[in-house]
Amino acid sequence: MEVRINPVGFSVSSQLEDFVQKKLAKLDKYNEAIIGIDVTLKLEKDENLENKVVEVNVGIKGQDVFVKKNARKFEDAVDELYDVIKRQLVKIKEKEREK
């Protein structure tokens, strides 16, 4: 499973890239059907302090899981996204078992 990180309009630090890679690589233990993960990191031009945007698209055989989150820090957004994606992956796996 490959985790691809796409920063928009800025260069991502190796520390942030390592954090995202390590965190999202753990998702394969919840659903083995993951083909790949695309992560888009953006900075919104907003007066709001939560201007860091993380979009994650998890490719699974037969469907995709897409989640978007704004936060003060990219790391916080990734942490929150991880829990949401984990629940969705478990739900998808359970539906596959029922078939």
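Colleague: Which side chain does E55 make a polar contact with?

Modeller: With K42: the two side chains are joined by a polar contact of 3.2 Å. By polar contact I mean a pair of N or O atoms within 3.5 Å; within protein, one must be able to donate a hydrogen and the other to accept it, and residues adjacent in sequence count only if both atoms are side-chain atoms. Keep in mind it's a predicted model, where local features need pLDDT of at least 70 and side-chain atom pairs count only at pLDDT 80 or more, while totals for chains, interfaces and linings use all residues. Residues are numbered from 1 along each chain as its sequence is written, and side-chain values use heavy atoms, with hydrogens and water left out.

Colleague: Where does E55 sit, and is E55 buried or exposed?

Modeller: E55 lies in strand β3, residues 52-60. Strands (E, at least two residues) and helices (H or I, at least four) are DSSP runs, numbered from the N terminus. E55 has a relative accessible area of 14%, so it counts as buried. The cut-offs are under 20% for buried, over 50% for exposed and partly exposed in between, with a 1.4 Å probe and protein chains only.

Colleague: What else does E55 touch?

Modeller: Leaving out residues up to four places away in sequence, E55 touches D38, V39, T40, K42, F66, V67 and K68. Touching, or contact, means heavy atoms within 4.5 Å.

Colleague: OK, now the sheet. What's the strand order?

Modeller: It's an open sheet of four strands, β1-β2-β3-β4, with mixed pairing. Two strands pair if DSSP finds at least two bridges between them. β1 and β4 are the edge strands, each pairing on one side only.

Colleague: Which way do β1 and β2 run, and β3 and β4?

Modeller: β1 and β2 run parallel, joined by six bridges, and P7 stands opposite L41 in β2. β3 and β4 run antiparallel with nine bridges, and there V56 faces V67 in β4. The hairpin of β3 and β4 has two residues between the strands, and G62 takes a positive phi near 95 degrees there.

Colleague: And how are the helices α1 and α2 placed relative to each other?

Modeller: Their axes come within 11 Å and cross at roughly 5 degrees. α1 and α2 are therefore roughly parallel to each other. Axes are lines fitted to C-alpha atoms, for helices over the stretch in contact, and angles run from 0 to 180 degrees between N-to-C directions. Under 35 degrees counts as roughly parallel, over 145 as roughly antiparallel, 65 to 115 as roughly perpendicular and the rest as oblique.

Colleague: Which residues meet there?

Modeller: From α1 you have L16, F19, V20, K23 and L24, meeting F74, E75, V78, D79 and Y82 in α2.

Colleague: What about the largest nonpolar core: how many residues?

Modeller: It has 26, and those with the most contacts inside it are L24, I37, V39, V54, V56 and V58. α2 gives the most, with eight residues. A nonpolar core is a set of buried Ala, Val, Leu, Ile, Met, Phe, Trp, Tyr and Cys residues joined through side-chain atoms within 4.5 Å.

Colleague: Last one: is D83 buried, partly exposed or exposed?

Modeller: D83, in helix α2, is partly exposed, with a relative accessible area of 36%.
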